[in-house]
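Subject: Structure for you to look at

Dear colleague,

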Amino acid sequence: MKFLRRKQQFYAASPRSKNVSEWLAALSQNNEDFIKKVLQTPFGNLTFWYYNSLIDHERLNVDICKPLKSQPWKTAGDVERAVYVDNTEVTSDITVANDKLLSGFAACQLPDNKNEVLFINAPADVQREVSVPETEFSVIGPQESFVEKLETNIFLVRKRLPIEDLRIRKIGVGTLSKTETAILYIDGIADDENVQTVEQRIKEVQFDEVLGTNALAQMIQDHSMTVFPQFVNTERPDRVAASLAEGKVIFMTNGSPEAIVTPSTLVEFFTSLEDYYLPWYIASFVRVLRLFSFVFSVFATPVYVAVLTYHYELIPKDLLATIIASRSNIPFPPVLEALFLEFTIELLREAGARLPTKVGQTIGIVGGIVIGQASVEAGLTSNILLIVVALAALASFTAPVYQMGNTVRVIRFPFIIFAALFGAVGIALTLAFFLAHLIRLESIGRPYLSPFYPLRLADWKDTFVRLPYSTFTKRPTQMRPESKKRMSMAKADKEKDIDE
Amino acid sequence: MHVKVKEKFQVSPPMVFFIIHAMQVGVGMLGFQRIIAKSSGYDSWIPVIIAGVVISLVIRMMYYILKVNHNDVIEVHRNLFGKWLGGLLSLALILYFYMTGVLVLRTYIEVIQVWVFEDLPTWVLTVLAAGFVYYVIKGGFRTVVGLCVAGVFIPSILFFILLMPLEYADFLNFLPIWKHSLKDILAGAKDTTLTFIGFELLLLFYPFIKHGYRSHKWAQLGHWASVVVYTLLMIVTLAFFSEGQLKITIWPTLTLLKIIEFPFIERFEYLGISLWLIIVVPNIVTAFWGASRGLKRLFSIKQRYVVLFMVLTLIIVVPPIDNRQAVNTLNEWVNQIGFWVIIAYIPFLCAVQFIHSKWKRKNET
Amino acid sequence: MKRKSMLALLLLVFTTGCIIDTQIIDEILLIQTIGIDKHDEDQLKYTVTFPVFLEQGEENTLSMEVQSIVSETTEEARNILNQRAQQPLRYGQVRVTLFGKSVAEEGLEEYVKSIYRNPRIGSRIYLSVTDASTEEVMSIEGEKQKRIGLYFSDLIEQNIRFESIPETNMHLFLFDMYSDGKDAYLPLIKKAEKIPQIEGLALFDSDRYVDSIDLNETYFFSQLRDGNQGGTNQFSVKHEGKQEYVVIENVFSDVRYKEKTREPYPVYDVDLKVQAEVTSFTGNINLNNSKAVNQVKKQIEQSIKTECEKLIQKFQDANIDPLGFGEKYRSQTRDWNPTKWKDTVYPNIEANVHVHLEILQSGAIE
């Protein structure tokens, strides 16, 4: 891609000597954690070279050194057979050697061979335990989430999908970081075009340091001039497994406890995995609630601003006195009042997010109550607006995917500004603009608004509501799955009479 | 010059339903009742149905023309009338589409100026609309169609709300049925055709539909959906207003909305007018898309530049139309042209095409 | 390029933003009641009420202001009012327009049309005729003065809900007024014991106020017009030789008009079905006794019938048609001629009212 087009100079590795042994010796002089260890055995001396920090020392001693002391060896092949490690390789290529050393191999040099070196795998491993999901917490359902280690994450997914057609492709991304990235998909379900698009785009990334999954997602997304997230990111293996079964393509990188689901649609950002664990009517109720809260959260404050600035006719007569009374002391126009409060709420939210959990909660409550109360009493905001803004903020927390919550926070502001400029017409205009924007958006080349546009009525059963599983006979058409059927309805179709 | 549209940019046949319906339901819906009732009074729902049947036939004719040629009207003109005459006809048609876009935009601004902001200068909304039109058309035909879909779905709630004034309905108004002369009814039908204007754009976007001809039933369905909506609205209006009252009401639909009241909101028309923007926007955008596409096909220039040019002319053309008389005059002009395009030009084109095909077949054998 | 054009657009939006006049709710005065009355021969008295919030430190109090202007036209009156006001006066929250009797007698069309033309004013506002001058009716003393803006709208709304008058608002008035075969009515407000009260209905011939009916007649009028759902009335009946009073409350009523013959003049059968409950009565009528009930029922039916027929006769004498016989006639006539109907046909039609009363229950005690 075009990230580094303007940069003139790339980073390049320092010059290397031709011979492996010389190179190894040079390396140990430059790097203090690159260690040379000589193992004395009854059959001769072996020299080991390795990065001290990348090697599991217990493994080196027990699985490699110990057997070499007792087992007779002569050639590299003998050594390979003697050690209790499967992953070994003999090479004279310095580039390969470099990669091996950096990924936790120890180099073993035999006394009579100066050109070739045997690499034995003994990587050190630091790993967090699989723990409870934090951002996508659910009350019921599995309580495990991804960790920073890619292999563990793949293990978590494979455990849920024990089929050989779950394919994994690995790519190293980043000229410096060489972040190990895995693309997961189910062969025979996922559309080949989607897999290729994702693979192609990841391969084309030219950035030096790829921070993690989310950074990579931003580098390969279709549109960068948008506030809407284009890929769902998830920390739940069950969500990944469910998405794979629908024909989606997943990718994750080593070092990030998250996976990215592609292609994604707008609706998915409002679904939580819990919707599939709860009974369908409750899940549907929650979905409708979330949708309503999204609409409320975006439109509540702008409508307040529009009505109080231009459309006083809309206010019912019983509310009129209340609203005028609450506004009569306030010196600012409704926009400023609203922007002030929205700003305060955003401030509280951001402060709460940056502070440790316990302090954060206190800030939220104390800040909310104290600042809100004080600003009403000081005559800076009306108490009705305070209620509206607080409800809108509360409603924005219902978005089950974190990025969508952020989006909701942001898109409110253009609505407020246009409401202040053109009243209800301004709100409609902004809505039209966002609609056009959403229609134009794509996620890896697939329409973002599906199944509403392009219209796919068959997919509607899992959007505003979640119908019972018995209706999910086919995979969502949005991913263009290669095999469409999910289950056979033959058994379920049999109708039984009463008491039979 | 036979340009085939890539499949990637095409839309599926059911989308034609939304385009046709979205184009027919527009700003005209706010005030069509009074114009028809002027000639056919309480029988005004009959002309709506008559016009519906006539236009259904016109759509059939358009599909005949397009099916034979497998291309848009620019190509049809070239085939039938040659490069120069055909080009001239195409240019006239493009100008007509452009004017419909201008008209819809200006009429909607007029409604806002009367009902919401008396002091809103025309150019402000024109500039905003121009920017919006440019943004949408840049997204290609698929974006335009997407807006049509949104323009049908989102405001559909308004149609149910428009049934609420039936609270004050007096169905005695309709009796006796058909008390006007056939002439009056037909005059009403003529006025009704104007509200259905917009579907002619099919002549230009036909190549953008997958399996073009298969979309015929969807086009008819979209058209009949509009007829149903218009007829229902007409019935509600006639039951709601007395004849004399309707004659002095310029925008009966908005006056209907005015009576609606919820515990938390009064004066629903303010919301209605704003939501109407979502109905009007596809009209404007599709018209300008058609005009720019036509110019692109005619002169082989990049559509990007054509759209930019059109949007800029919009800013120059619209603001000078600054009073009610000017808007009315424009309305009458465009409506007259539209009426003749639908009633005379398309059948004429159809006939010429028919003779042309016969003659060609004879020559071959 | 793209970013620059976006910036330009934003800048434009902000500079244009101040072009539209804002109507910030606490910076405008919201008129709630309008009164239009005759002042002199050709001058109008235009009265408006609007609430004012007085800021007094942290407490703010609501007070009501009433202002009157004398001028030739309502438009001029509005201009003068706006010149006098400290903040712009706005009409979007008007709830009631009161017309003085003298204005109403000369015709309301021009005033109502000017209200109807103004998109700021809703269709559901109440119009009403006052028996005295509007200014007098609108000046109330004491606590009620504070609510003067909503006083009349609450008064009319309450009476509609209580079904003592049929439903009314500007739309219904316009509908009837512009209808060939129907005449309009409005509530009539009178000041009794210093408090404005609903007196009955003002009846119109086209847009001119010609006659009125009191609340008792309004009860029967409502039944005849659209079969009201509620309403209470008192009837005197003879029971065991004594004069007693029975109060009934309508639960359900339905009215049907049937044209029996057309020539020479139309004869209408008016079937009035009423289901009612007895809420109270004087004397000792045993309402569990079906014979006694029947007796009472017959007498009430008879008095409803006479009252209704009297009412219809009254309308015919004044040559007004608030019940809409003309509409019924028109809906079955192909050569409908409004003038002919009004001049020759309507005064000669005959209406026979048939009342079917059903007494449902008589409360919780025997």
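Below I set out what was found, chain by chain and then at the contacts between chains.

Please keep in mind throughout that this is a predicted model.

**Two sheets in chain A**

In chain A, five strands form an open sheet with antiparallel pairing, in the order β1-β2-β4-β5-β3. The edges of this sheet are taken by β1 (34-41) and β3 (88-91) of chain A, each of which has a single partner strand, so that one side of each is left without a neighbour in the sheet.

Helix α1 (residues 20-30) of chain A touches β1, β2 (44-51), β4 and β5 of chain A, and its direction makes about 120° with that of β1(A). Helix α2 (residues 57-70) of chain A also packs on the sheet, touching β1, β2, β4 and β5 of chain A, but the direction of α2(A) makes about 35° with that of β1(A).

Another open sheet of five strands in chain A has the order β6-β7-β9-β10-β8, again with antiparallel pairing. Here the edge strands are β6 (166-173) and β8 (232-234) of chain A, each of which pairs on one side only, and neighbouring strands are turned against each other by 25° on average, direction ignored. Strand β6(A) runs antiparallel to strand β7 (residues 179-186) of chain A and is joined to it by eight bridges; along this pair, A:K170 stands opposite A:A182 in β7(A).

**Chain B, a chain of helices**

Chain B has 15 helices and zero strands. The radius of gyration of chain B is 21 Å, close to the 21 Å that the globule rule gives for 365 residues, so chain B is as compact as a globular protein of that length. Taken along the principal axes, the C-alpha atoms of chain B fill a box of roughly 65 × 45 × 35 Å, and 53% of the 365 residues in the chain are buried. If one considers the contacts in chain B between residues at least 6 apart in sequence, 85% of them join residues at least 24 apart.

How many of the ten residues of helix α1 (residues 15-24) of chain B are buried? Ten of the ten are, so this helix is largely enclosed by the rest of the structure. The buried residues of α1(B), which include B:F17, B:F18 and B:H21, pack against α6 (141-153), α10 (216-240) and α13 (269-299) of chain B.

Elsewhere in chain B, the axes of helix α3 (residues 45-69) and helix α15 (residues 324-364) come within 9 Å and cross at roughly 35°, in a left-handed crossing. Among the residues that meet there are B:I55, B:V58 and B:M62 from α3(B), and B:I342, B:L349 and B:Q353 from α15(B). By class, this contact has twelve nonpolar, two polar and no charged residues.

**A buried alanine in chain C**

C:A202 is buried, with 25 other C-beta atoms within 10 Å. The C-alpha atoms of C:A202 and C:L188 are separated by 5.3 Å, although these residues are 14 apart along the chain. Leaving aside neighbours within four places in sequence, C:A202 is in contact with C:A104, C:V129, C:Y185, C:L186, C:L188, C:Y209 and C:S212.

**Where chain A touches its partners**

The contact of chain A with chain B takes 20 residues from chain A and 26 residues from chain B, and by class the chain A side has 16 nonpolar, two polar and two charged residues.

The contact with chain C takes 17 residues from chain A and 19 residues from chain C. On the chain A side, the elements that give two or more residues are α10 (280-309) and α11 (317-327) of chain A, with the largest share, seven residues, coming from α11(A). By class, the side of chain A that touches chain C has eleven nonpolar, three polar and three charged residues.

With best wishes

Methods. Residues numbered from 1 in each chain as written. Chains lettered and ligands numbered in written order. Predicted model: local features only at pLDDT ≥ 70, side-chain atom pairs only at ≥ 80, totals over all residues. Axes fitted to C-alpha atoms, helices over the stretch in contact; angles between N-to-C directions. Helix = DSSP H or I, 4+ residues; strand = E, 2+ residues; numbered from the N terminus. Left-handed = near helix turned anticlockwise from the far one by under 90°. Contact = placed C-beta atoms within 7 Å. Nonpolar A, V, L, I, M, F, W, Y, C, P; charged D, E, K, R; others polar. Pairing = 2+ DSSP bridges. Rg over C-alpha atoms; globule rule 2.2 N^0.38 Å. Buried ≥ 20, exposed ≤ 12 C-beta atoms within 10 Å, placed from the backbone.
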